[in-house]
Amino acid sequence: MEIREFPLANPNFPPRTLKLTESWIDFPDNDSLAVCVCFAGCQNSCLGCQSPELQDYRHPDCVLWDNLRTMRDEIARHCLRNHTNKVVFSGGDPLASFNRDNARALLDMLYDKYDVCVYTGFSIDEVKKMGLRFKFVKCGKFDLKSKRKSFKTDDVFCLASPNQNFYDSNYDLISKDGILCFENTMERILK
Ligand code: SF4
């Protein structure tokens, strides 16, 4: 069997992420767990940043990935273990200029089998120009002035500031003022 290597798209800035984890709270549906890939490094400098330590690309607690195949395989292993095909790229900012090329290459590798939601501080207009393949994207910097409690239930996902919103793979807005309503769970199950 041929084993293809996937060298880094940007070898000067190998992806650095926190150890992969699983969560229910981060993916924009109310179905199942998602595997979280939390990239170190961010250039957005949001006032009141909720993860200031992750603004630093050299965050000391991060795993450094020197090969995208290894990274893809590890994500796949976590998905298998958690019976999910959902993945969240968060951070930091996976689309920071130094992270973007590797994130893009990884998104391409995952696209056929996995539903990936990317969290970024960039606007949807900026994301459109990046030519990325994802299932969902959450756009917008954190706005301290309109900060509110972020939460997710079976019915709704409320983001930490109302300027942040979710978009689908066609760049269509699927939330309003940072609030995404889910289709009724029971109706969906009974369909
Ligand atoms: S995008 Fe996120 S990690 Fe980056 S500065 Fe804003 S809140 Fe912090």
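Start by selecting β5, residues 86-91, a strand (helices, H or I, of at least four residues and strands, E, of at least two are DSSP runs numbered from the N terminus). Both of its faces are covered: K86, V88 and S90 on one side are buried, and so are V87, F89 and G91 on the other. Here, buried means that 20 or more other C-beta atoms lie within 10 Å of a residue's own, with 12 or fewer counting as exposed, anything in between as partly exposed, and C-beta atoms placed from the backbone.

A quick word before moving on: you're looking at a predicted model, where local features need pLDDT of at least 70 and side-chain atom pairs count only at pLDDT 80 or more, while totals for chains, interfaces and linings use all residues. Residue numbers run from 1 along each chain as its sequence is written.

β3 runs parallel to β5, joined to it by five bridges, and V37 stands opposite F89. β6 also pairs with β5 in the parallel sense, over four bridges; look for V88 and its bridge partner C117. Two strands count as paired if DSSP finds at least two bridges between them.

Next, colour V37, V87, V88, F89, V116 and V118, the residues with the most contacts inside the largest nonpolar core, which has 42 residues. Such a core is a set of buried Ala, Val, Leu, Ile, Met, Phe, Trp, Tyr and Cys residues joined through C-beta atoms within 7 Å. Elements supplying at least two residues each include α1 (68-81), α2 (97-110) and β10 (165-168). The largest share, six residues, comes from β3.

Zoom in on V118. Leaving out residues up to four places away in sequence, V118 touches F89, P94, L95, L132, F134 and V137; contact means C-beta atoms, placed from the backbone, within 7 Å.

Then select the ligand. 15 residues surround it, and the closest are C42, C46, C49, G121 and F142; the test is a C-beta atom, placed from the backbone, within 6 Å. That shell has five nonpolar, eight polar and two charged residues. Ala, Val, Leu, Ile, Met, Phe, Trp, Tyr, Cys and Pro count as nonpolar, Asp, Glu, Lys and Arg as charged, and the others, Gly among them, as polar.

Finally, zoom out to the whole protein: four helices and 11 strands. Its C-alpha atoms fill a box of roughly 45 × 40 × 30 Å along the principal axes. Of the 191 residues, 36% count as buried.

Conventions:
Contact = placed C-beta atoms within 7 Å.
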